[in-house]
Amino acid sequence: MILDSFLIRAALAGVGVALAAAPLGCFVVWRRMAYFGDATAHAAILGVALSLAFSMSVFVGALVVALAMAGLVSSLSNRGYAMDTLLGVLAHSALAFGLVAASFLTGVRLDLMAYLFGDILAVSRTDVMVIWGGAALVLALLSWRWSALLTATLNTDLAYASGIDPRREQLVLTVALAVVVAVAIKVVGALLIGAMLVVPAAAARPLARTPESMAIIAAVIGAASALGGLAAAFRFDTPTGPTIVCVAAVCFAVTAVFGGVRRAA
Amino acid sequence: MSLLSLENVAVRLGGADVLRDVTLNFDRGEIVTIVGPNGSGKSTLLRTMIGAVAPSAGRVVRMAGLRIGYVPQSLHIDPTLPMTVARFLSLPVRRGAAEVAAALAQAGVATLGTRQMARLSGGQFQRVLLARALLEKPDLLLLDEATRGLDQPGSAAFYHQVEELRQTLGCGIVMVSHELHVVMAASDRVICLNGHICCEGKPDVVASAPEYRALFGTGTGGALALYRHEHTHSHDCDHSQEAAS
(Lines give C-alpha, C1' and ligand atoms only; values in the text may rest on other atoms or scores of the structure.)
Protein backbone atom coordinates (compact mmCIF):
# COMPACT_ATOMS: atom_id res chain seq x y z
CA MET A 1 0.00 0.00 0.00
CA ILE A 2 1.43 3.29 -1.12
CA LEU A 3 0.33 5.12 2.04
CA ASP A 4 2.64 2.87 4.00
CA SER A 5 5.69 4.90 3.08
CA PHE A 6 6.17 7.66 5.65
CA LEU A 7 7.59 9.96 2.97
CA ILE A 8 4.49 9.61 0.77
CA ARG A 9 2.26 10.27 3.78
CA ALA A 10 4.33 13.33 4.68
CA ALA A 11 4.11 14.64 1.12
CA LEU A 12 0.34 14.16 1.01
CA ALA A 13 -0.06 15.86 4.40
CA GLY A 14 2.09 18.82 3.39
CA VAL A 15 0.34 19.34 0.05
CA GLY A 16 -3.09 19.01 1.67
CA VAL A 17 -2.32 21.70 4.24
CA ALA A 18 -0.77 23.97 1.58
CA LEU A 19 -3.79 23.70 -0.75
CA ALA A 20 -6.20 24.82 1.99
CA ALA A 21 -3.92 27.33 3.68
CA ALA A 22 -2.99 29.28 0.53
CA PRO A 23 -6.41 30.58 -0.61
CA LEU A 24 -7.39 31.23 3.01
CA GLY A 25 -4.04 32.97 3.46
CA CYS A 26 -4.97 35.35 0.62
CA PHE A 27 -7.95 36.57 2.66
CA VAL A 28 -5.73 36.80 5.73
CA VAL A 29 -3.36 39.06 3.74
CA TRP A 30 -6.10 41.15 2.04
CA ARG A 31 -7.89 41.76 5.34
CA ARG A 32 -4.66 42.49 7.22
CA MET A 33 -5.32 39.82 9.80
CA ALA A 34 -1.95 38.02 9.65
CA TYR A 35 -1.70 37.93 13.44
CA PHE A 36 -5.23 36.60 13.66
CA GLY A 37 -3.83 33.36 12.24
CA ASP A 38 -1.04 33.35 14.81
CA ALA A 39 -3.42 33.96 17.70
CA THR A 40 -5.63 31.08 16.58
CA ALA A 41 -2.62 28.79 16.11
CA HIS A 42 -1.10 29.63 19.50
CA ALA A 43 -4.44 28.96 21.15
CA ALA A 44 -4.39 25.51 19.56
CA ILE A 45 -1.50 24.57 21.89
CA LEU A 46 -3.89 25.03 24.80
CA GLY A 47 -6.26 22.75 22.91
CA VAL A 48 -3.51 20.14 22.50
CA ALA A 49 -2.72 20.26 26.23
CA LEU A 50 -6.39 19.86 27.10
CA SER A 51 -6.88 16.97 24.70
CA LEU A 52 -3.82 15.16 26.11
CA ALA A 53 -5.13 15.74 29.64
CA PHE A 54 -8.58 14.35 28.84
CA SER A 55 -7.31 11.77 26.32
CA MET A 56 -9.37 13.19 23.47
CA SER A 57 -8.43 13.46 19.82
CA VAL A 58 -5.85 16.23 19.45
CA PHE A 59 -7.59 17.41 16.30
CA VAL A 60 -10.89 17.94 18.12
CA GLY A 61 -9.26 19.71 21.09
CA ALA A 62 -7.25 22.04 18.86
CA LEU A 63 -10.29 22.76 16.69
CA VAL A 64 -12.53 23.64 19.64
CA VAL A 65 -10.01 25.95 21.30
CA ALA A 66 -9.03 27.55 17.96
CA LEU A 67 -12.72 28.24 17.23
CA ALA A 68 -13.21 29.72 20.70
CA MET A 69 -10.16 31.94 20.24
CA ALA A 70 -11.22 33.12 16.79
CA GLY A 71 -14.70 33.89 18.11
CA LEU A 72 -13.24 35.79 21.07
CA VAL A 73 -11.01 37.93 18.83
CA SER A 74 -13.90 38.67 16.46
CA SER A 75 -16.24 39.78 19.23
CA LEU A 76 -13.64 41.82 21.15
CA SER A 77 -12.44 43.61 18.00
CA ASN A 78 -15.94 45.09 17.63
CA ARG A 79 -15.66 46.70 21.07
CA GLY A 80 -13.03 49.27 20.31
CA TYR A 81 -9.79 47.53 21.29
CA ALA A 82 -6.92 48.18 18.86
CA MET A 83 -6.56 44.99 16.86
CA ASP A 84 -2.78 44.58 17.16
CA THR A 85 -2.86 45.07 20.95
CA LEU A 86 -5.73 42.66 21.32
CA LEU A 87 -4.02 39.98 19.21
CA GLY A 88 -0.72 40.53 21.03
CA VAL A 89 -2.40 39.96 24.37
CA LEU A 90 -4.50 36.99 23.31
CA ALA A 91 -1.95 35.17 21.13
CA HIS A 92 0.81 35.18 23.72
CA SER A 93 -1.51 34.54 26.65
CA ALA A 94 -3.00 31.54 24.90
CA LEU A 95 0.45 30.15 24.17
CA ALA A 96 1.60 30.76 27.75
CA PHE A 97 -1.51 29.20 29.27
CA GLY A 98 -1.15 26.26 26.90
CA LEU A 99 2.48 25.66 27.90
CA VAL A 100 1.68 26.00 31.61
CA ALA A 101 -1.31 23.66 31.28
CA ALA A 102 0.89 21.12 29.49
CA SER A 103 3.45 21.22 32.34
CA PHE A 104 0.83 19.77 34.69
CA LEU A 105 0.73 16.69 32.49
CA THR A 106 3.46 14.19 33.20
CA GLY A 107 5.38 12.56 30.39
CA VAL A 108 4.14 14.68 27.48
CA ARG A 109 6.95 17.24 27.31
CA LEU A 110 8.46 15.66 24.21
CA ASP A 111 5.08 15.31 22.53
CA LEU A 112 4.44 18.98 23.05
CA MET A 113 7.57 19.90 21.08
CA ALA A 114 6.06 18.03 18.15
CA TYR A 115 3.00 20.27 18.29
CA LEU A 116 5.01 23.49 18.54
CA PHE A 117 7.24 22.69 15.56
CA GLY A 118 5.30 19.97 13.79
CA ASP A 119 6.33 16.42 13.03
CA ILE A 120 5.30 15.77 9.48
CA LEU A 121 7.31 12.56 9.22
CA ALA A 122 5.19 11.02 11.99
CA VAL A 123 1.76 11.55 10.36
CA SER A 124 -0.38 8.43 10.27
CA ARG A 125 -2.82 7.32 7.60
CA THR A 126 -5.64 8.66 9.76
CA ASP A 127 -3.85 12.02 10.01
CA VAL A 128 -3.63 12.21 6.22
CA MET A 129 -7.37 11.50 5.94
CA VAL A 130 -8.18 14.17 8.56
CA ILE A 131 -5.94 16.71 6.79
CA TRP A 132 -7.48 16.09 3.36
CA GLY A 133 -10.97 16.06 4.86
CA GLY A 134 -10.32 19.40 6.56
CA ALA A 135 -8.72 20.84 3.42
CA ALA A 136 -11.69 19.76 1.29
CA LEU A 137 -14.08 21.33 3.80
CA VAL A 138 -12.18 24.63 3.82
CA LEU A 139 -11.92 24.77 0.01
CA ALA A 140 -15.62 23.95 -0.37
CA LEU A 141 -16.52 26.67 2.16
CA LEU A 142 -14.32 29.25 0.41
CA SER A 143 -15.56 28.49 -3.09
CA TRP A 144 -19.19 28.51 -1.95
CA ARG A 145 -18.85 31.96 -0.32
CA TRP A 146 -16.15 33.29 -2.68
CA SER A 147 -17.96 36.27 -4.24
CA ALA A 148 -19.57 37.34 -0.98
CA LEU A 149 -16.26 37.00 0.91
CA LEU A 150 -14.47 39.04 -1.72
CA THR A 151 -17.10 41.80 -1.71
CA ALA A 152 -17.08 41.99 2.09
CA THR A 153 -13.26 42.09 2.06
CA LEU A 154 -13.26 44.91 -0.50
CA ASN A 155 -15.69 47.14 1.38
CA THR A 156 -18.30 46.35 4.02
CA ASP A 157 -20.70 49.06 2.79
CA LEU A 158 -20.66 47.72 -0.78
CA ALA A 159 -21.42 44.31 0.71
CA TYR A 160 -24.38 45.62 2.72
CA ALA A 161 -25.75 47.44 -0.34
CA SER A 162 -25.67 44.13 -2.27
CA GLY A 163 -27.49 42.33 0.53
CA ILE A 164 -24.41 40.57 1.93
CA ASP A 165 -23.85 40.57 5.69
CA PRO A 166 -20.07 41.10 6.23
CA ARG A 167 -20.29 39.73 9.80
CA ARG A 168 -21.51 36.39 8.46
CA GLU A 169 -18.62 36.29 5.96
CA GLN A 170 -16.17 37.07 8.76
CA LEU A 171 -17.59 34.09 10.63
CA VAL A 172 -17.01 31.85 7.58
CA LEU A 173 -13.35 32.92 7.49
CA THR A 174 -13.00 32.40 11.23
CA VAL A 175 -14.31 28.86 11.03
CA ALA A 176 -12.12 28.07 8.01
CA LEU A 177 -9.09 29.41 9.86
CA ALA A 178 -9.77 27.25 12.92
CA VAL A 179 -10.11 24.15 10.72
CA VAL A 180 -6.83 24.86 8.90
CA VAL A 181 -5.02 25.43 12.20
CA ALA A 182 -6.38 22.20 13.66
CA VAL A 183 -5.33 20.08 10.67
CA ALA A 184 -1.99 21.84 10.12
CA ILE A 185 -0.72 21.69 13.69
CA LYS A 186 0.83 18.26 13.17
CA VAL A 187 2.49 19.24 9.88
CA VAL A 188 4.21 22.57 10.54
CA GLY A 189 3.41 23.10 14.22
CA ALA A 190 1.60 25.91 16.00
CA LEU A 191 4.49 28.35 15.67
CA LEU A 192 4.72 28.14 11.87
CA ILE A 193 1.09 27.80 10.74
CA GLY A 194 0.96 31.57 10.32
CA ALA A 195 3.80 31.30 7.82
CA MET A 196 1.96 28.69 5.72
CA LEU A 197 -0.99 31.08 5.54
CA VAL A 198 0.80 34.33 4.79
CA VAL A 199 4.04 33.51 2.96
CA PRO A 200 2.65 31.73 -0.16
CA ALA A 201 -0.06 34.41 -0.53
CA ALA A 202 2.51 37.20 -0.24
CA ALA A 203 4.76 35.40 -2.74
CA ALA A 204 1.85 35.13 -5.21
CA ARG A 205 0.88 38.80 -5.03
CA PRO A 206 3.40 40.24 -7.58
CA LEU A 207 2.43 37.56 -10.13
CA ALA A 208 -1.34 38.01 -9.91
CA ARG A 209 -3.78 40.37 -11.63
CA THR A 210 -7.03 39.10 -10.13
CA PRO A 211 -7.98 37.68 -6.71
CA GLU A 212 -8.64 34.25 -8.24
CA SER A 213 -5.24 34.03 -9.92
CA MET A 214 -3.55 35.07 -6.66
CA ALA A 215 -5.30 32.24 -4.77
CA ILE A 216 -4.32 29.65 -7.40
CA ILE A 217 -0.71 30.82 -7.63
CA ALA A 218 -0.50 30.83 -3.81
CA ALA A 219 -1.76 27.24 -3.73
CA VAL A 220 0.87 26.18 -6.31
CA ILE A 221 3.66 27.96 -4.39
CA GLY A 222 2.44 26.45 -1.11
CA ALA A 223 2.32 22.92 -2.51
CA ALA A 224 5.73 23.30 -4.17
CA SER A 225 7.18 24.60 -0.88
CA ALA A 226 5.79 21.60 0.99
CA LEU A 227 7.30 19.11 -1.48
CA GLY A 228 10.57 21.06 -1.88
CA GLY A 229 10.89 21.51 1.88
CA LEU A 230 10.27 17.84 2.49
CA ALA A 231 12.91 16.83 -0.07
CA ALA A 232 15.44 19.33 1.31
CA ALA A 233 14.80 18.24 4.91
CA PHE A 234 15.33 14.60 3.92
CA ARG A 235 18.50 15.43 1.99
CA PHE A 236 20.11 17.75 4.56
CA ASP A 237 18.61 16.16 7.68
CA THR A 238 17.00 19.42 8.84
CA PRO A 239 13.71 19.85 10.78
CA THR A 240 10.92 19.44 8.21
CA GLY A 241 8.35 22.13 9.21
CA PRO A 242 10.89 24.97 9.34
CA THR A 243 12.49 23.76 6.09
CA ILE A 244 9.11 23.98 4.30
CA VAL A 245 8.67 27.56 5.55
CA CYS A 246 12.24 28.39 4.43
CA VAL A 247 11.47 27.23 0.87
CA ALA A 248 8.28 29.34 0.85
CA ALA A 249 10.27 32.34 2.08
CA VAL A 250 12.76 31.87 -0.78
CA CYS A 251 9.81 31.84 -3.22
CA PHE A 252 8.65 35.12 -1.68
CA ALA A 253 12.08 36.68 -2.12
CA VAL A 254 12.23 35.58 -5.77
CA THR A 255 8.77 36.90 -6.72
CA ALA A 256 9.35 40.12 -4.77
CA VAL A 257 12.50 40.81 -6.82
CA PHE A 258 10.82 39.68 -10.05
CA GLY A 259 7.76 41.85 -9.29
CA GLY A 260 9.99 44.83 -8.49
CA VAL A 261 11.84 44.42 -11.80
CA ARG A 262 8.57 44.14 -13.73
CA ARG A 263 7.14 47.25 -12.09
CA ALA A 264 10.27 49.23 -12.85
CA ALA A 265 10.21 48.13 -16.53
CA MET B 1 -45.59 52.09 -2.16
CA SER B 2 -42.32 53.92 -1.66
CA LEU B 3 -39.04 52.23 -2.61
CA LEU B 4 -37.67 52.93 0.83
CA SER B 5 -39.09 54.63 3.90
CA LEU B 6 -37.51 55.79 7.12
CA GLU B 7 -39.91 56.05 10.03
CA ASN B 8 -38.79 58.14 13.02
CA VAL B 9 -35.27 56.79 12.64
CA ALA B 10 -32.63 57.61 15.24
CA VAL B 11 -29.00 56.48 15.06
CA ARG B 12 -26.44 56.44 17.87
CA LEU B 13 -22.80 55.82 16.99
CA GLY B 14 -20.17 55.49 19.72
CA GLY B 15 -22.51 57.05 22.29
CA ALA B 16 -23.29 60.13 20.21
CA ASP B 17 -26.67 60.91 18.65
CA VAL B 18 -25.98 61.20 14.92
CA LEU B 19 -29.56 61.19 13.63
CA ARG B 20 -32.86 61.70 15.40
CA ASP B 21 -36.47 61.55 14.35
CA VAL B 22 -35.84 61.21 10.61
CA THR B 23 -38.92 60.35 8.58
CA LEU B 24 -38.48 60.22 4.82
CA ASN B 25 -39.91 58.44 1.77
CA PHE B 26 -38.06 57.79 -1.48
CA ASP B 27 -39.95 57.09 -4.68
CA ARG B 28 -39.24 55.99 -8.22
CA GLY B 29 -38.20 58.61 -10.77
CA GLU B 30 -37.34 61.23 -8.15
CA ILE B 31 -33.98 62.93 -7.62
CA VAL B 32 -33.51 63.85 -3.98
CA THR B 33 -30.51 65.76 -2.68
CA ILE B 34 -29.38 65.75 0.91
CA VAL B 35 -27.44 68.81 2.00
CA GLY B 36 -26.04 69.66 5.40
CA PRO B 37 -22.84 70.83 7.08
CA ASN B 38 -19.96 68.47 7.94
CA GLY B 39 -20.93 65.98 10.64
CA SER B 40 -24.65 66.47 10.02
CA GLY B 41 -25.19 62.73 9.45
CA LYS B 42 -25.55 62.69 5.65
CA SER B 43 -23.31 59.65 5.07
CA THR B 44 -24.76 57.92 8.14
CA LEU B 45 -28.22 58.41 6.68
CA LEU B 46 -27.18 56.67 3.43
CA ARG B 47 -25.43 53.88 5.37
CA THR B 48 -28.61 53.38 7.40
CA MET B 49 -30.57 53.10 4.15
CA ILE B 50 -28.31 50.32 2.80
CA GLY B 51 -28.44 48.45 6.12
CA ALA B 52 -24.82 49.00 7.18
CA VAL B 53 -25.95 50.91 10.29
CA ALA B 54 -28.81 49.68 12.45
CA PRO B 55 -31.16 52.39 13.71
CA SER B 56 -31.34 52.70 17.52
CA ALA B 57 -35.00 53.70 17.20
CA GLY B 58 -37.58 53.77 14.43
CA ARG B 59 -37.41 51.55 11.37
CA VAL B 60 -36.27 51.33 7.78
CA VAL B 61 -38.78 49.77 5.37
CA ARG B 62 -37.49 48.55 2.01
CA MET B 63 -39.74 47.49 -0.84
CA ALA B 64 -39.56 43.68 -1.23
CA GLY B 65 -36.74 42.78 -3.64
CA LEU B 66 -35.38 46.33 -3.70
CA ARG B 67 -32.13 46.59 -5.66
CA ILE B 68 -29.81 49.29 -4.40
CA GLY B 69 -26.92 50.80 -6.35
CA TYR B 70 -24.49 52.43 -3.94
CA VAL B 71 -21.55 54.69 -4.69
CA PRO B 72 -19.64 55.24 -1.43
CA GLN B 73 -17.87 58.45 -0.50
CA SER B 74 -14.50 56.73 -0.59
CA LEU B 75 -13.26 53.24 -1.24
CA HIS B 76 -9.78 52.12 -0.25
CA ILE B 77 -8.57 48.97 -1.99
CA ASP B 78 -5.75 47.29 -0.12
CA PRO B 79 -2.63 47.13 -2.33
CA THR B 80 -2.25 43.44 -1.50
CA LEU B 81 -5.56 42.74 -3.28
CA PRO B 82 -5.09 42.47 -7.07
CA MET B 83 -8.26 43.62 -8.80
CA THR B 84 -8.87 44.54 -12.42
CA VAL B 85 -11.65 46.97 -13.27
CA ALA B 86 -13.55 44.23 -15.13
CA ARG B 87 -13.33 41.87 -12.15
CA PHE B 88 -14.51 44.63 -9.80
CA LEU B 89 -17.62 45.14 -11.92
CA SER B 90 -18.41 41.41 -11.58
CA LEU B 91 -18.67 41.58 -7.79
CA PRO B 92 -20.62 40.07 -6.19
CA VAL B 93 -22.67 38.93 -9.22
CA ARG B 94 -20.86 37.55 -12.28
CA ARG B 95 -21.53 39.70 -15.36
CA GLY B 96 -20.89 38.82 -18.99
CA ALA B 97 -17.96 40.43 -20.79
CA ALA B 98 -20.33 42.31 -23.13
CA GLU B 99 -22.36 43.65 -20.20
CA VAL B 100 -19.19 44.86 -18.45
CA ALA B 101 -17.88 46.51 -21.62
CA ALA B 102 -21.22 48.26 -22.17
CA ALA B 103 -21.29 49.56 -18.57
CA LEU B 104 -17.74 50.90 -18.89
CA ALA B 105 -18.53 52.59 -22.20
CA GLN B 106 -21.64 54.16 -20.67
CA ALA B 107 -19.57 55.54 -17.81
CA GLY B 108 -17.06 56.97 -20.30
CA VAL B 109 -14.17 54.67 -19.33
CA ALA B 110 -14.41 52.05 -22.09
CA THR B 111 -10.68 51.32 -22.30
CA LEU B 112 -10.02 50.67 -18.60
CA GLY B 113 -11.32 47.06 -18.24
CA THR B 114 -7.90 45.43 -17.82
CA ARG B 115 -6.43 48.12 -15.56
CA GLN B 116 -5.75 47.53 -11.89
CA MET B 117 -8.18 49.44 -9.64
CA ALA B 118 -5.24 50.77 -7.61
CA ARG B 119 -3.82 52.48 -10.73
CA LEU B 120 -6.92 54.57 -11.54
CA SER B 121 -7.08 58.33 -11.09
CA GLY B 122 -9.69 59.75 -8.72
CA GLY B 123 -12.06 60.64 -11.55
CA GLN B 124 -11.70 57.28 -13.31
CA PHE B 125 -12.31 55.53 -9.99
CA GLN B 126 -15.58 57.41 -9.43
CA ARG B 127 -16.78 56.53 -12.94
CA VAL B 128 -15.96 52.86 -12.38
CA LEU B 129 -17.88 52.94 -9.07
CA LEU B 130 -20.87 54.40 -10.91
CA ALA B 131 -20.59 51.78 -13.67
CA ARG B 132 -20.68 49.04 -11.03
CA ALA B 133 -23.70 50.57 -9.30
CA LEU B 134 -25.53 50.74 -12.65
CA LEU B 135 -24.87 47.06 -13.42
CA GLU B 136 -27.14 46.27 -10.46
CA LYS B 137 -29.98 47.82 -12.53
CA PRO B 138 -30.93 49.58 -9.32
CA ASP B 139 -34.40 50.64 -8.23
CA LEU B 140 -32.72 53.14 -5.95
CA LEU B 141 -29.33 54.72 -6.65
CA LEU B 142 -27.46 56.23 -3.68
CA LEU B 143 -24.58 58.60 -4.45
CA ASP B 144 -22.39 59.82 -1.59
CA GLU B 145 -20.25 62.72 -2.80
CA ALA B 146 -20.10 60.93 -6.12
CA THR B 147 -18.36 63.77 -7.98
CA ARG B 148 -15.36 63.77 -5.65
CA GLY B 149 -12.22 63.80 -7.81
CA LEU B 150 -14.04 64.93 -10.96
CA ASP B 151 -13.17 68.26 -12.57
CA GLN B 152 -15.95 70.73 -13.37
CA PRO B 153 -16.81 69.48 -16.88
CA GLY B 154 -16.54 65.95 -15.51
CA SER B 155 -18.98 66.60 -12.71
CA ALA B 156 -21.37 68.48 -15.05
CA ALA B 157 -21.33 65.44 -17.36
CA PHE B 158 -21.87 63.23 -14.33
CA TYR B 159 -25.04 65.07 -13.27
CA HIS B 160 -26.24 65.03 -16.86
CA GLN B 161 -25.81 61.26 -16.82
CA VAL B 162 -27.69 60.98 -13.51
CA GLU B 163 -30.58 62.92 -15.05
CA GLU B 164 -30.57 60.48 -18.01
CA LEU B 165 -30.57 57.50 -15.67
CA ARG B 166 -33.71 58.67 -13.99
CA GLN B 167 -35.38 58.59 -17.40
CA THR B 168 -33.89 55.35 -18.78
CA LEU B 169 -33.94 53.25 -15.59
CA GLY B 170 -36.80 55.07 -13.91
CA CYS B 171 -34.96 54.61 -10.63
CA GLY B 172 -35.06 56.83 -7.59
CA ILE B 173 -31.84 58.76 -6.99
CA VAL B 174 -30.55 60.07 -3.67
CA MET B 175 -27.45 62.28 -3.71
CA VAL B 176 -25.27 63.75 -1.02
CA SER B 177 -23.08 66.56 -2.24
CA HIS B 178 -21.20 69.67 -1.27
CA GLU B 179 -21.66 71.24 -4.69
CA LEU B 180 -24.79 72.96 -3.53
CA HIS B 181 -25.51 75.10 -6.55
CA VAL B 182 -25.25 72.36 -9.20
CA VAL B 183 -26.89 69.67 -7.15
CA MET B 184 -29.85 71.65 -5.93
CA ALA B 185 -30.70 72.83 -9.42
CA ALA B 186 -30.84 69.23 -10.65
CA SER B 187 -33.08 67.99 -7.82
CA ASP B 188 -36.79 67.53 -7.44
CA ARG B 189 -36.54 67.68 -3.68
CA VAL B 190 -33.90 68.90 -1.28
CA ILE B 191 -33.52 67.69 2.29
CA CYS B 192 -31.56 69.91 4.61
CA LEU B 193 -30.08 67.74 7.34
CA ASN B 194 -28.35 68.61 10.58
CA GLY B 195 -28.85 65.59 12.84
CA HIS B 196 -32.55 66.00 12.17
CA ILE B 197 -34.44 67.26 9.12
CA CYS B 198 -34.24 71.06 9.27
CA CYS B 199 -36.37 71.60 6.23
CA GLU B 200 -37.30 69.85 3.01
CA GLY B 201 -39.05 70.68 -0.23
CA LYS B 202 -38.44 72.00 -3.70
CA PRO B 203 -34.98 73.54 -4.19
CA ASP B 204 -36.11 77.17 -4.26
CA VAL B 205 -38.31 76.68 -1.20
CA VAL B 206 -35.44 75.16 0.77
CA ALA B 207 -32.94 77.78 -0.40
CA SER B 208 -35.11 80.56 1.01
CA ALA B 209 -36.04 78.74 4.22
CA PRO B 210 -34.69 80.37 7.38
CA GLU B 211 -33.39 76.99 8.67
CA TYR B 212 -31.31 76.56 5.53
CA ARG B 213 -29.98 80.11 5.74
CA ALA B 214 -29.08 79.60 9.37
CA LEU B 215 -26.92 76.64 8.35
CA PHE B 216 -25.33 77.91 5.18
CA GLY B 217 -25.67 81.66 5.66
CA THR B 218 -26.83 84.15 3.08
CA GLY B 219 -23.24 84.40 1.88
CA THR B 220 -23.73 81.40 -0.35
CA GLY B 221 -26.22 83.57 -2.11
CA GLY B 222 -28.65 80.93 -1.55
CA ALA B 223 -26.96 78.22 -3.53
CA LEU B 224 -29.72 78.51 -6.07
CA ALA B 225 -29.24 82.19 -6.78
CA LEU B 226 -25.60 81.48 -7.51
CA TYR B 227 -26.65 78.85 -10.00
CA ARG B 228 -29.08 81.19 -11.74
CA HIS B 229 -26.39 83.82 -12.03
CA GLU B 230 -23.95 81.50 -13.74
CA HIS B 231 -25.29 82.13 -17.22
CA THR B 232 -25.01 85.92 -17.04
CA HIS B 233 -22.08 86.55 -14.72
CA SER B 234 -18.60 85.16 -15.03
CA HIS B 235 -17.04 87.63 -12.58
CA ASP B 236 -17.59 87.51 -8.85
CA CYS B 237 -18.32 91.11 -7.84
CA ASP B 238 -21.78 90.03 -6.65
CA HIS B 239 -20.33 87.61 -4.21
CA SER B 240 -17.85 90.04 -2.71
CA GLN B 241 -20.74 92.43 -2.13
CA GLU B 242 -22.70 89.70 -0.46
CA ALA B 243 -19.77 88.79 1.72
CA ALA B 244 -19.42 92.43 2.73
CA SER B 245 -23.11 92.87 3.50
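Q: Hi! Which residue stands opposite F26(B) in β2(B)?
A: In this predicted model, L4(B) is the residue across from F26(B) of β2(B).

Q: Nice. And how many bridges join β1 of chain B to β2(B)?
A: Seven bridges link β1(B), residues 4-13, with β2(B), and the two strands run antiparallel.

Q: What's the strand order in that sheet of chain B?
A: The order is β2-β1-β4 in chain B, an open sheet of three strands with antiparallel pairing. The edges are β2(B), residues 16-26, and β4(B), residues 57-62, each of which pairs on one side only. From one strand to the next the twist averages 25°.

Q: Which strands does α1(B) touch when it packs on the sheet?
A: Helix α1(B) touches β1, β2 and β4 of chain B, and its direction makes about 120° with that of β1(B).

Q: Let's switch to the interface. How many residues of chain B are in contact with chain A?
A: There are 18 from chain B, in contact with 22 residues of chain A. On the chain B side, the elements giving two or more residues are α1(B), residues 42-50, and β5(B), residues 68-71.

Q: What's that side of chain B like by class?
A: The side of chain B that touches chain A has 12 nonpolar residues, with three polar and three charged ones.

Q: OK, over to chain A. At what angle do α1 and α6 of chain A pack?
A: Helices α1(A), residues 6-30, and α6(A), residues 125-144, pack at about 20°, and their axes are 9 Å apart. That angle is why α1(A) counts as roughly parallel to α6(A).

Q: Is the crossing of α1(A) and α6(A) left-handed or right-handed?
A: The crossing of these two helices is left-handed.

Q: Which residues meet there, α1(A) against α6(A)?
A: From α1(A) they include L12(A), G16(A), L19(A) and P23(A), and from α6(A) they include V128(A), W132(A), A135(A) and L139(A). By class, this contact of α1(A) with α6(A) has 14 nonpolar, two polar and three charged residues.

Q: And how far apart are the axes of α2 and α9 of chain A?
A: The axes of α2(A), residues 34-53, and α9(A), residues 166-184, are 10 Å apart, and the helices pack at about 50°. That angle makes α2(A) oblique to α9(A). Here α2(A) passes α9(A) in a right-handed crossing.

Q: Last one: which residues of α2(A) and α9(A) meet?
A: G37(A), T40(A), A41(A) and A44(A) of α2(A) meet L177(A), A178(A), V181(A) and A182(A) of α9(A). The contact of α2(A) with α9(A) has six nonpolar residues, two polar and no charged ones.

Key: Residues numbered from 1 in each chain as written. Chains lettered and ligands numbered in written order. Predicted model: local features only at pLDDT ≥ 70, side-chain atom pairs only at ≥ 80, totals over all residues. Contact = placed C-beta atoms within 7 Å. Helix = DSSP H or I, 4+ residues; strand = E, 2+ residues; numbered from the N terminus. Nonpolar A, V, L, I, M, F, W, Y, C, P; charged D, E, K, R; others polar. Pairing = 2+ DSSP bridges. Axes fitted to C-alpha atoms, helices over the stretch in contact; angles between N-to-C directions. Parallel < 35°, antiparallel > 145°, perpendicular 65-115°, else oblique. Left-handed = near helix turned anticlockwise from the far one by under 90°.
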